[in-house]
Amino acid sequence: MPENTIIAPTAGAPDAETCLPDSEERRLASLESYGVLDTVEEADFDDIVELISIICEAPIAVINFIDRDRQWFKSVKGLGVRETPLDISICAHAILQPDLFIVEDTREDPRFSNNPLVTQDPYLRFYAGALLTDKDGLPLGTLCVLDHKPRDLNANQRFALQTLANQVMTQLEFRRSLREQQALIEKLDAVRKDLVITAATDSLTGLLNRGSFEQLLEREALRIQQGAPSAVLMMIDLDFFKEINDRFGHHVGDRALTGFADVCRDVFRQSDILARWGGEEFAVFMPRTTLDNALLAAERLRTALRQNDLIAVNSAPGAITFSAGLCTFSGKQSPAEAMQRADELLYQAKTEGRDRIICEE
């Protein structure tokens with residue numbers, strides 16, 4: 001008999017509950033980390049159970065894991081259940097042993113002689129289990145074979161039992177590594193998306209920044225050239241904004257900018273693209289629309305601003321106003337030329353007294 005084989009003693013053995021190792025919580029946490037409990041039957045594990053049953057000439061073979069209050073079978077041959085209570089588990093004793101655990105005759109072992117699995121159907125008389133241990137050596141369960149008659153395993157069968165138990169853990173480690181890798185990939189993807197969003201947006205208002213807006217115009221110009229409907233570009237400048245910063249401080253100015261961006265989100269369509277062009281200047285791309293409809297949207301923005309005190313400081317001036325220039329974005333001109341045209345119209349609105357909207361004719 002190999003030296004590393006543990007033959008169950010026939011007297012004086014403590015029960016499974018009093019033998020639970022000091023590292024029980026760590027063991028249970030490790031078991032949980034494999035994500036194997038309560039999963040469906042799988043061919044990879046069923047094949048191992050079938051193979052060890054043939055090698056050991058045993059009618060019953062099981063891959064089982066010892067949970068807090070039950071033993072659960074990942075794969076089972078010869079039994080009609082997927083779990084049993086822990087207090088009748090033979091494997092709960094097996095995980096307390098350092099190596100193979102063999103009970104040649106359960107009726108001769110005081111720990112199992114009154115076990116209902118021994119005295120009643122399925123009348124288990126023989127047990128041999130090889131530990132399923134994690135990388136830290138914590139026992140999670142066993143690969144075991146059982147029989148209805150007393151018996152033993154020869155050296156080759158014992159070797160096969162331990163070898164296939166190792167293969168079970170190799171499968172579990174591989175699957176856990178895949179899950180961890182997938183989780184890492186998903187985390188990296190989320191970080192990458194956050195970085196893309198951060199690079200594309202203005203940190204203060206959350207709108208697109210100038211570079212991203214220019215890229216969008218390049219894409220939309222191609223779409224329009226390929227037959228998509230024309231759009232409208234709008235350039236907006238908040239009137240006398242420098243005076244707000246000078247009088248109340250940049251923190252109030254920043255609050256006004258973020259408030260203006262929020263009002264724009266409420267006024268414009270979801271399909272309209274808003275960007276902070278720079279400072280107190282904003283740009284709006286309005287796809288599939290006409291100058292008349294864009295002008296109506298701009299007027300709605302003026303009305304909304306009159307109803308919002310974006311400065312919210314005692315003795316502050318009246319509601320913020322803006323000047324705007326609108327032009328058609330038809331694809332006949334480059335995005336840069338279209339933006340220049342909208343900017344020229346904005347400048348005209350400012351030179352004519354501000355708080356007005358100028359559309360190209």
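**Close-up views of a predicted model**

**View 1. Loop residue R354.** R354 sits in the loop that links α10 (335-351) to β12. The model shown here and in the views that follow is predicted. The phi angle of R354 is near 65 degrees, a positive value for a residue other than glycine. R354 counts as partly exposed because its relative accessibility is 27%, and partly exposed covers the range between under 20% (buried) and over 50% (exposed).

**View 2. Loop residue E57.** The loop between α2 and β2 (60-66) holds E57. Here too phi is positive in a residue other than glycine, with a value near 50 degrees for E57. E57 has a relative accessibility of 63% and therefore counts as exposed.

View 3. The bond from D121 to P122 is cis, and its omega is near 20 degrees. P122 belongs to the loop between α4 (116-119) and β6 (126-133).

**View 4. The five-stranded open sheet.** The strand order is β9-β10-β8-β11-β12, with mixed pairing. From one strand to the next, the twist averages 20 degrees. β9 and β10 (residues 281-286) run antiparallel and are joined by five bridges. Within this pair, I273 stands opposite F285 of β10. Helix α6 (residues 210-225) packs on the sheet and touches β8 (231-238), β9, β10 and β11 (322-329); the directions of α6 and β9 make an angle of about 135 degrees.

**View 5. Packing of α2 on α5.** Helices α2 (residues 43-55) and α5 (residues 155-200) pack at about 175 degrees, and their axes are 10 Å apart. At that angle α2 is roughly antiparallel to α5, because angles over 145 degrees count as such. Residues in the contact include F45, I48 and L51 of α2 and L161, L164 and V168 of α5. By class, the contact comprises ten nonpolar, three polar and two charged residues.

**View 6. The largest nonpolar core, around F260.** This core has 34 residues, and those with the most contacts inside it are M234, I236, F260, F268 and L301. Two or more residues each come from β8, α7 (241-248), α8 (250-267), β10, α9 (291-306) and β11. α8 gives the largest share, eight residues. Leaving aside residues up to four places away in sequence, F260 touches I236, L238, F282, L301, L305 and L310. A second, separate core has 31 residues, among them L37, A128, L161 and L172.

Key. Residues are numbered from 1 along each chain as its sequence is written. This is a predicted model: local features need pLDDT of at least 70, side-chain atom pairs count only at pLDDT 80 or more; totals for chains, interfaces and linings use all residues. Side-chain values use heavy atoms; hydrogens and water are left out. Two strands pair if DSSP finds at least two bridges between them. Helices (H or I, at least four residues) and strands (E, at least two) are DSSP runs, numbered from the N terminus. Axes are lines fitted to C-alpha atoms, for helices over the stretch in contact, and angles run from 0 to 180 degrees between N-to-C directions. Contact means heavy atoms within 4.5 Å. Angles under 35 degrees count as roughly parallel, over 145 as roughly antiparallel, 65 to 115 as roughly perpendicular and the rest as oblique. Ala, Val, Leu, Ile, Met, Phe, Trp, Tyr, Cys and Pro count as nonpolar, Asp, Glu, Lys and Arg as charged, and the others, Gly among them, as polar. A nonpolar core is a set of buried Ala, Val, Leu, Ile, Met, Phe, Trp, Tyr and Cys residues joined through side-chain atoms within 4.5 Å. Buried means under 20% relative accessible area, exposed over 50%, partly exposed in between (1.4 Å probe, protein chains only).
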